Amino acid sequence: MFHNPRFTIVTGVLLMSALITARSPAATFEEELAFLQKHTEVQVLQDGQRKVVVSPKLQGRVLLSSYGGSGTPALGWINHAAFETPESQTLPFNNYGGAERFWLGPEAGQFALYFKSGARQEPANWFVPKAFDTGAFEVRKSAGSAAVMHRDNLELDNAAGTHFKLTVDDRSIILMTRDQVEDVTGPVAGVDWVGFQSSNRIQNNGLTAWTPASGTVGIWTLGMFVATPHTWVVVPIRASGSGPTVKDDYFGKVPAERLRQVKEKSVLMFRADGKLRSKIGISPTRSLDIVGSIDFENNIVTVVRYDPPATGEKRYVNNMWEVPQADPFGGDAIQSYNDGTLGFYELETSSPAAFLGTGETLVHTSRTIHLHGPPEKLDPIIQRTFRATLAELKATADER
């Protein structure tokens with residue numbers, strides 16, 4: 001039976017809500033941190049009241065962050081069932097949740113990493129490669145506001161039969177300073193804020209180069225956050241870029257009421273309510289290197305910004321579930337996924353395709369920032385980052 005390829009099947013038995021219980025949107029940072037400390041090992045990066053929770057044991061993922069103060073929300077979605085039920089360890093994806101995890105693409109196509117060679121690319125055959133779905137990252141350095149982790153000897157195969165040997169030479173998570181946050185958002189006076197930067201470097205440790213003929217990988221960082229009826233993903237796009245403004249048919253075409261364009265603006269809005277499995281992607285020719293979301297009810301703004309490649313490389317691995325793909329290196333730089341059952345959505349960024357010779361490396365850096373405050377203080381930040389006013393975004397979200 002199929003439920004959702006990101007969490008499902010245990011020897012043919014569907015894990016329904018009786019087993020999978022996501023946290024309440026009202027869960028506080030203190031509550032979620034206590035839960036995590038009960039079930040796994042975590043490190044808390046801290047600067048004053050601002051905190052970021054990292055788990056080297058769980059593939060080096062960022063689990064939560066907090067802008068501080070008693071009773072503030074946990075910023076990041078945690079799947080309690082993955083910690084509480086032994087059955088979760090046999091799933092095709094160990095879905096612990098978290099505000100950012102390290103994956104590699106492509107998901108599908110002729111060079112798929114998430115489907116075996118010759119398998120139909122459908123949910124029943126989907127899995128996450130064990131190379132980065134399990135196993136701890138080694139901590140190389142951990143200070144008050146930073147953690148540097150490492151993972152040796154990742155080996156995996158794509159659907160074309162290419163074998164990859166690589167090292168995550170380092171995955172560094174840094175609690176951002178005010179200056180670093182303001183480099184992305186501009187002044188943050190009058191609002192609560194917290195941000196973390198992840199820098200991820202992979203190295204080709206194999207004996208052969210990764211080429212368009214063999215297929216290659218791309219670094220893929222994915223953040224999971226609590227969906228609400230009042231949350232929308234916001235993506236400013238390049239009006240003059242080539243190709244479609246958005247890819248909206250990953251899992252069936254996104255209904256028009258769930259994907260909107262702000263009137264007279266090159267800004268897209270995608271509903272993040274956790275009610276319909278759907279996904280969008282933005283190509284590197286359309287991307288402005290930024291994606292985010294707004295919870296209009298709780299006045300929480302999330303901004304994710306990645307560093308574009310210095311080389312200007314526009315070839316990205318393609319995650320579309322189809323074989324053959326017409327262009328396996330025509331993938332997206334930004335993606336957002338809205339789950340249909342568990343109450344989360346994702347903000348995702350990718351590196352270009354890693355056409356690396358033996359010993360060569362590729363780095364992908366992304367920053368995740370959360371802001372909370374009164375609408376009048378958030379509005380100028382929203383205008384600078386999303387290129388539309390809060391009123392314009394709210395009006396678009398409220399359209400009937």
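The model is predicted.

**Overall form**

- The radius of gyration of the protein is 20 Å, which agrees with the value near 21 Å that a compact globule of 400 residues would have.
- The C-alpha trace extends over about 55 × 50 × 45 Å along its principal axes.
- Buried residues account for 60% of the 400 residues of the protein.
- Among contacts between residues at least 6 apart in sequence, 71% join residues at least 24 apart.

**Helix α1**

- Helix α1 covers residues 29-39, and its buried residues are F29, E32, L33, F35 and L36.
- Viewed down the axis of α1, these buried residues fall within an arc of 160 degrees, so they line one face of the helix.
- An α-helix has 3.6 residues a turn, so residues three or four places apart point the same way.
- The partners against which the buried residues of α1 pack are the strands β3 (43-47), β4 (50-55) and β5 (61-66), together with helix α2 (80-84).

**V62 in strand β5**

- Strand β5, one of the elements packed against α1, contains V62.
- V62 has a relative accessibility of 0% and therefore counts as buried, the cut-off being under 20%.
- Beyond its neighbours within four places in sequence, V62 is in contact with V52, V53, V54, G98, A99, E100, R171, I173 and F196.
- The C-alpha atoms of V62 and E100 are 5.0 Å apart, although the two residues are separated by 38 residues in sequence.

**T368 in strand β20**

- T368 belongs to strand β20, which comprises residues 361-372.
- The relative accessible area of T368 is 3%, so T368 is buried.
- T368 and M176 are 192 residues apart in sequence, with 9.3 Å between their C-alpha atoms.

**Largest pocket**

- The largest pocket holds about 350 Å³ of space.
- The pocket is lined by 22 residues, of which P244, K247, S283, G330 and D332 are the closest to its centre.
- By class, the lining comprises eight nonpolar, nine polar and five charged residues.

Key: Residues numbered from 1 in each chain as written. Predicted model: local features only at pLDDT ≥ 70, side-chain atom pairs only at ≥ 80, totals over all residues. Heavy atoms only, no water. Buried < 20%, exposed > 50% of the residue type's maximum accessible area, 1.4 Å probe, protein only. Helix = DSSP H or I, 4+ residues; strand = E, 2+ residues; numbered from the N terminus. Arc of directions from axis to C-beta. Contact = heavy atoms within 4.5 Å. 1 Å grid on protein atoms, 1.4 Å probe; cavity = no way out; pocket = protein on both sides within 12 Å on 5 of 7 lines; lining within 4 Å. Points joined across faces, edges and corners; volume = space filled by probe spheres on them. Nonpolar A, V, L, I, M, F, W, Y, C, P; charged D, E, K, R; others polar. Rg over C-alpha atoms; globule rule 2.2 N^0.38 Å.
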